Amino acid sequence: MRFEHLGFAPDFVDYEDGWARQREVHAAVAAGDEPDTTLLLEHAAVYTAGKRTQPEQRPFDGTPVVDVDRGGLITWHGPGQLVGYPICRLPEVPIDVVAHVRRLEEAMMRMTREFGVETTRVEGRSGVWVLADERGPDRKLGAIGVRVSKRTTMHGFALNCDADLSWADNIIACGIEDAGVSSISREAGRTVTVQELLPYAEKHLTDVLG
């Protein structure tokens with residue numbers, strides 16, 4: 001697995017620029033000209049909507065949204081959130097997209113564990129979660145939305161480190177009305193930055209994705 005850092009605070013990556021770089025790397029990996037590559041970055045604040053997003057799930061105040069060709073519904077990217085785009089050739093025949101999503105979940109669960117935060121899967125909902133407790137309902141820390149073309153993945157995961165979570169007040173995040181969002185920092189009780197997470201992200205993505 002090769003890693004490419006596109007930009008981190010204060011040099012946030014515009015979503016459209018990151019998407020363009022994804023397409024470039026995807027073409028090279030799919031053609032066999034480059035090894036599997038994960039792009040790691042922090043985006044400038046943006047809402048993005050997957051193909052199944054419904055009109056009522058979009059920002060209540062009319063904030064612009066970038067419509068993208070990944071699975072999943074609407075979400076947010078921005079400062080304090082590690083975004084990873086693993087661009088990998090899938091070995092399975094037939095293609096098993098769910099298995100790829102499960103691998104990304106496993107990598108994120110290992111990342112949060114490094115900071116004493118135990119996350120888990122919730123049946124029927126992608127991403128990684130802290131289950132309901134005295135502090136609130138089920139809370140999503142990491143989201144996943146992927147696309148597979150030419151047996152090669154693109155898009156990926158977003159894991160909240162120390163992001164401002166008020167963005168979730170303006171949408172029905174990931175189409176889920178009965179749960180909340182959280183971050184590693186909130187659950188750990190101390191600030192955990194993207195830069196602090198970064199080496200663990202590379203380690204666990206390498207271990208899980210190969």
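How many bridges join strand S6 to S10, and in which direction do these strands run relative to one another, parallel or antiparallel? In this structure, which is a predicted model, 4 bridges join S6, residues 81-87, to S10, and the two run antiparallel. Within this pairing, Leu82 has Leu159 of S10 as its bridge partner.

Gly145, for instance, has Gly156 in S10 as its bridge partner. S9 and S10 form a hairpin, with 2 residues between the strands. In that turn, Lys150 has a positive phi of about 55°.

The largest nonpolar core holds 30 residues, and the members that touch the most others are Leu82, Met111, Phe157 and Leu159. Two or more residues are given to this core by each of the following: helix H2 (97-113), strands S8 (125-130), S9 (139-149) and S10 (152-160), and helix H4 (194-209). H4 provides the largest share, 7 residues.

Which residues does Met111 touch, leaving aside those up to four places away in sequence? They are Phe157, Leu159, Leu197, Tyr200, Ala201, His204 and Leu205. Apart from this core lies another, of 15 residues, which includes Tyr15, Trp19, Val83 and Ile87.

To close, I return to Leu82 and Leu159: these bridge partners are both among the residues that touch the most other members of the largest nonpolar core.

Methods. Residues are numbered from 1 along each chain as its sequence is written. This is a predicted model: local features need pLDDT of at least 70, side-chain atom pairs count only at pLDDT 80 or more; totals for chains, interfaces and linings use all residues. Side-chain values use heavy atoms; hydrogens and water are left out. A nonpolar core is a set of buried Ala, Val, Leu, Ile, Met, Phe, Trp, Tyr and Cys residues joined through side-chain atoms within 4.5 Å. Buried means under 20% relative accessible area, exposed over 50%, partly exposed in between (1.4 Å probe, protein chains only). Contact means heavy atoms within 4.5 Å. Two strands pair if DSSP finds at least two bridges between them.
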